[in-house]
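Student: I have a new model open and would like to go through it with you. Could we start with the overall fold and then turn to details?

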Amino acid sequence: MKTSIMGQNKYRLLSIIIILAVWQGMSVIYSPIIVPSINEVLKALIDILTTKDLLVNIFITTKRLIIALTISVSLGSILGIIIGYSKKIELLINPVISFMQSVPPISWLVLAIIWFGLDGKASIFIAVISTLPLVVINLVESIKNIDHQLVEMGEIYCFSKSKMLRKIIIPSIIPYFQGALQVVIGLGWKIIVMGEVLSSNNGIGGELTISRINIETGYVFAWTIIIVVLFYTTNKVVSYLFNTKVKGERYAFKDRKFN
């Protein structure tokens, strides 16, 4: 196992080296306006991370993402559970969810700008609209795939409703919920920043717009790296929280630990 992990790390390191080598090679061939050098991007990155006002913009975007995902995950979980347990409500709500999925985010953004203006609320709105269906669909799927044999076993052992929920329902839902959360976090970062680029003068998207207007390609690259790091950091935090708190509980019922 340890050898396998070391092998994976070697390939990852090799991939990074190849990407950096190609990047540096292209920066030699093309103008800095097209492809800035690694050194130029590092300077821009240091400037961003050492300037208070620029760090404030990272906080603004992160706050908008947290608000959007809190609304999306909370509402999506409630709807997903209700739809999962009611066929009639599923038939009623499914067309709405399908409609929300089919409308491109850019269309929602244009409407959001008209409805909410250019103060950042539009970014939050389109992030909610774009991620909500994913949460609902995953929760519905998780409920439909609950092992009925486990439910029957719980009934045989006279589980109370709370114990049935803790030992069977929640462990069955959690893998789907975790998957949905990781997907919507990644999509959320992209949607929030896109919304800021087109509808706000602050946040990471606002800084990207300023960099574009000033033709500061190095800063565009630097902000992009920051977005990638923020995405992977939040993704790892979610994975860590689920793996540490849920591990050992997920298959507790299957292992006959009924105490």
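This is a predicted model: local features need pLDDT of at least 70, side-chain atom pairs count only at pLDDT 80 or more; totals for chains, interfaces and linings use all residues.

Student: How many helices and strands are in the protein chain?

Tutor: The protein chain has ten helices and zero strands. Its pattern along the sequence is accordingly written α-α-α-α-α-α-α-α-α-α.

Student: And what percentage of the residues is buried?

Tutor: Of the 259 residues in the protein chain, 40% are buried. As for contacts with a separation of 6 or more, 73% are between residues 24 or more positions apart.

Student: Which residues of the largest nonpolar core touch the most other members?

Tutor: They are Ile 126, Leu 181, Ile 204, Trp 223 and Ile 226, in a core of 56 residues. Elements giving two or more residues to this core include α2, α3, α6 and α10. The largest share comes from α6, with 13 residues. In general, nonpolar side chains in soluble globular proteins tend to be buried together.

Student: What does Ile 204 touch, leaving out residues up to four places away in sequence?

Tutor: Ile 204 touches Asn 57, Ile 58, Thr 61, Val 193, Glu 196, Trp 223, Ile 227 and Leu 230. Among these, Trp 223 is also one of the core residues that touch the most other members.

Student: Changing topic: where is the kink in α4?

Tutor: The kink lies at Ile 93, shortly before the proline Pro 95, and is about 35°.

Student: What span should α4 have, and how far apart are its ends?

Tutor: At 1.5 Å a residue, the 16 residues of α4 should span 22 Å, and the end C-alpha atoms are 22 Å apart, so the two values agree.

Student: Which residues in α4 are buried, and what covers them?

Tutor: Glu 90, Ile 97 and Met 100 are buried in α4. The cover over the buried residues of this helix includes α3, α5 and α6.

Student: What lines the largest pocket?

Tutor: Its lining consists of Ile 16, Ile 19, Leu 20, Trp 23, Phe 221, Thr 224 and Ile 225. Both α1 and α10 give two or more residues to the lining, and the largest share, four residues, comes from α1. The space in this pocket is about 220 Å³.

Student: Last one: is Ser 37 buried or exposed?

Tutor: Ser 37 counts as buried because its relative accessible area is 17%, and the cut-off for buried is under 20%. Ser 37 sits in the loop between α1 and α2. Leaving out residues up to four places away in sequence, Ser 37 touches Trp 23, Gln 24 and Ser 27. Of these, Trp 23 also lines the largest pocket.

Conventions. Residues are numbered from 1 along each chain as its sequence is written. Side-chain values use heavy atoms; hydrogens and water are left out. Buried means under 20% relative accessible area, exposed over 50%, partly exposed in between (1.4 Å probe, protein chains only). Contact means heavy atoms within 4.5 Å. A nonpolar core is a set of buried Ala, Val, Leu, Ile, Met, Phe, Trp, Tyr and Cys residues joined through side-chain atoms within 4.5 Å. The expected span of a helix is 1.5 Å times one less than its number of residues. The bend at a residue is the angle between axes fitted to the seven residues ending there and the seven starting there. On a 1 Å grid over the protein atoms alone, a cavity is a set of points where a 1.4 Å probe fits but cannot get out, and a pocket is an open set with protein on both sides within 12 Å along at least five of seven lines; lining residues have an atom within 4 Å of a point. Grid points are joined across faces, edges and corners, and a volume is the space filled by probe spheres set on the points.
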